[in-house]
Amino acid sequence: MLSIAIAIAGCLRSILASSCVAKNNSLFISTLPGKTMLSYSADQLMNLNHLSTPSCINVMKQLGLLRRPRYIHRSSRRKFLYSGTSPTIPALWSATRAVASRSRHQSNVSHETSSLSVSMATSLRGLDGKRGVNFSLIRPLKRSLPSLSSKTELLNVQSLTNKSCLIHDHILDKCLDYMCITETWHQPDTFSSLNESCPPGYRYLQKARSTGRGGGLAVIYRCELELSLQPLPELSSFECLAFKSKHLSSVLFLLIYRPPKPNSFFIPEISNLLATFCSSSADVIILGDMNIHVDIPSCRSATEFLQLLDCLNLKQLVVAPTHIRGHTLDLVITNSAPLKNLQVYDLGVSDHKVVSMELLSSVNPSKPKRYICFRNLKKINPVHLAADLQHLSTHFSSPDEAVEYYNSHLRSLLDHHAPIKSRAVTFTRSAPWFTDGLRRMKTAGRALERRYKTSGLTVDRQIYRDHQNKYSKALKEARSKFFSNTIRNSPGNSKQLFSTVNHLLKLQTPSPIGSSAEQCNLFMDFFTTKISLIRSALPGPLTQTAPLSFAFSQPLSCFPMVSSEEVQNIIKNMKSTTCALDPLPTSLPFEIL
């Protein structure tokens, strides 16, 4: 009320100032036309402007209406709703933050707050000993659960060999679930480009063209999606890859690439294929580069293809150009699969654009949990461990008894000082060859992409595409340099060399998790069979060699005694390698000694 009164007084003062004329130390106020002029002297005006305190100020102070509220940051997510019909103030608050008093910034509060009664203000002041919120009325906000969807993209990459590192980086940036690629141009039994494109935590399905160059299909997907290939008939006019996901068993994916040359067998073959799968699967999603100008109504092949889709109750969803020359060649076709957010954008490394979409699903594939068992050896106190080792017995009747005693007691000491702990972990491996220079190039590329999308100019698009090609080449060179240095710096480490070569060249297959008696028996039978085959392939029967005989000049009757210093030197000169069967890690005796 006081602020309203001050505002009204200010308005009257401005009106008086604009309509008053000073003359001979007097003030004349004009009124309506035809009326008399009122005249006031300066002393009379000063008498009217009294500075006495209104009587209602004391009452307002007692009610706490003039108290400055406590400051609350704008991002604290408090939202108080006031209602003149309720005797108290209900409040809505976020379940993730604590409740504080009233917000400082209340400019957006409705005018209903001005109608609060004095009794309401008194009751508010009595809450928790201070003016605040009635906690009995607090209820959490209803939050809508995010819809579960799988991010899917389609791209005609036009040779994956020189763009593999960029695809690897793109999949991680977009957090894709499926990356469907056509025209990979990879050869059968050659997987280096696919291995480079597949990030950690992903796998791929592939199908290379059997004869000639070009073509090739691949799907890079998250490991937890568990894709499986579906059988296909013999096809001659186009390439196809059919697969299903374990978590979306009702959805069948078809990745297709049709060569641009006309082929009279295309319509009959794809008609039989789609008729078979549409009748056996509830939802069908067809992705790929058809090389058919569906955006040109006069195109005969496009008319026949669209009529076929209409007969099978299929719908083509892409309406924007997917080629830099303005044609729609990469298509997304479905009957009833829930696809949303279909977009087309330029990645800058191919003549085709990326088709991005989201597939809604009711099941969220959970990442497989990996549990590890470990001991916290760093927390072992060497002094306490050495004191416990002093209490071990040294008198035994046989070596077997000593070995059994030390194995059991050392394991119990290790369990006491460093018990086994288990924990669920996730392993994330970043690209070790990604340098600061590449990171700056990536940032510049994003800035150029934003400029191109904002302006839409051809020159900005060309600058962006040139930069993307340079960035792709820089990624390729950095990765090649990294693995070259890895191979060069490990000449005697055969395990590291074989692991690196297999990672680069061999087909990536899912590794078996865990072990069982059946797997151990299979492993043993494999080597037993292999030895038997080698023996059977040897020419002629095996000849028995006579046992070797040795002549001793002086028999060994006793062992010389050694000192404790000699034993310590022998132990210190040993390698610190250890095994899971050791009762005590090798590093612990080294620390004690």
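**Helix packing and aromatic contacts**

Trainee: Which residues of H5 are buried?

Mentor: Helices (H or I, at least four residues) and strands (E, at least two) are DSSP runs numbered from the N terminus. A residue is buried under 20% relative accessible area, exposed over 50% and partly exposed in between (1.4 Å probe, protein chains only). In H5, the buried residues are Ser-164, Cys-165, Leu-166, Ile-167, His-168, Asp-169, His-170 and Ile-171.

Trainee: What pLDDT do local features need in this model?

Mentor: Residues are numbered from 1 along each chain as its sequence is written, and side-chain values use heavy atoms, leaving out hydrogens and water. The model is predicted: totals for chains, interfaces and linings use all residues, side-chain atom pairs count only at pLDDT 80 or more, and local features need pLDDT of at least 70.

Trainee: How many of the residues of H5 are buried, and which residue just after H5 has a positive phi?

Mentor: H5 spans residues 164-174 and is mostly covered, with eight of its eleven residues buried. Just after this helix, a positive phi of about 55° is found at Cys-175.

Trainee: How are H5 and H12 oriented to each other, roughly parallel or roughly perpendicular?

Mentor: The axes of H5 and H12 are 7 Å apart, and the helices pack at an angle of about 100°. Axes are lines fitted to C-alpha atoms over the stretch in contact, with angles from 0 to 180 degrees between N-to-C directions. Angles under 35 degrees count as roughly parallel, over 145 as roughly antiparallel, 65 to 115 as roughly perpendicular and the rest as oblique. H5 and H12 are therefore roughly perpendicular.

Trainee: Which residues of H12 meet H5?

Mentor: Contact means heavy atoms within 4.5 Å. On the H5 side, Ser-164, Cys-165, Leu-166 and Asp-169 take part, and they meet, in H12, Gln-468, Tyr-471, Ser-472, Leu-475, Lys-476 and Arg-479.

Trainee: How many aromatic pairs are there, and how is the pair of Trp-433 and Phe-483 classed?

Mentor: Rings of Phe, Tyr and Trp (its six-membered ring) pair if their centres lie within 6.5 Å; planes under 30 degrees apart are stacked, over 60 edge-to-face and the rest tilted. The count comes to 13 aromatic pairs. For Trp-433 and Phe-483, the centres are 5.9 Å apart and the planes at 45°, and the pair is tilted.

Trainee: How many residues apart are Trp-433 and Phe-483?

Mentor: This pair links distant parts of the chain. Trp-433 lies in the loop between strand E20 (421-425) and helix H11 (436-455), whereas Phe-483 lies in helix H12 (residues 458-488), and the separation is 50 residues.

Trainee: Which residue lies over the face of Trp-433?

Mentor: Trp-433 is buried, with a relative accessible area of 12%. A charge sits over a ring if NZ of Lys or CZ of Arg is within 6 Å of the ring centre and within 35 degrees of the ring normal. At 5.2 Å from the ring centre of Trp-433 lies Arg-479.
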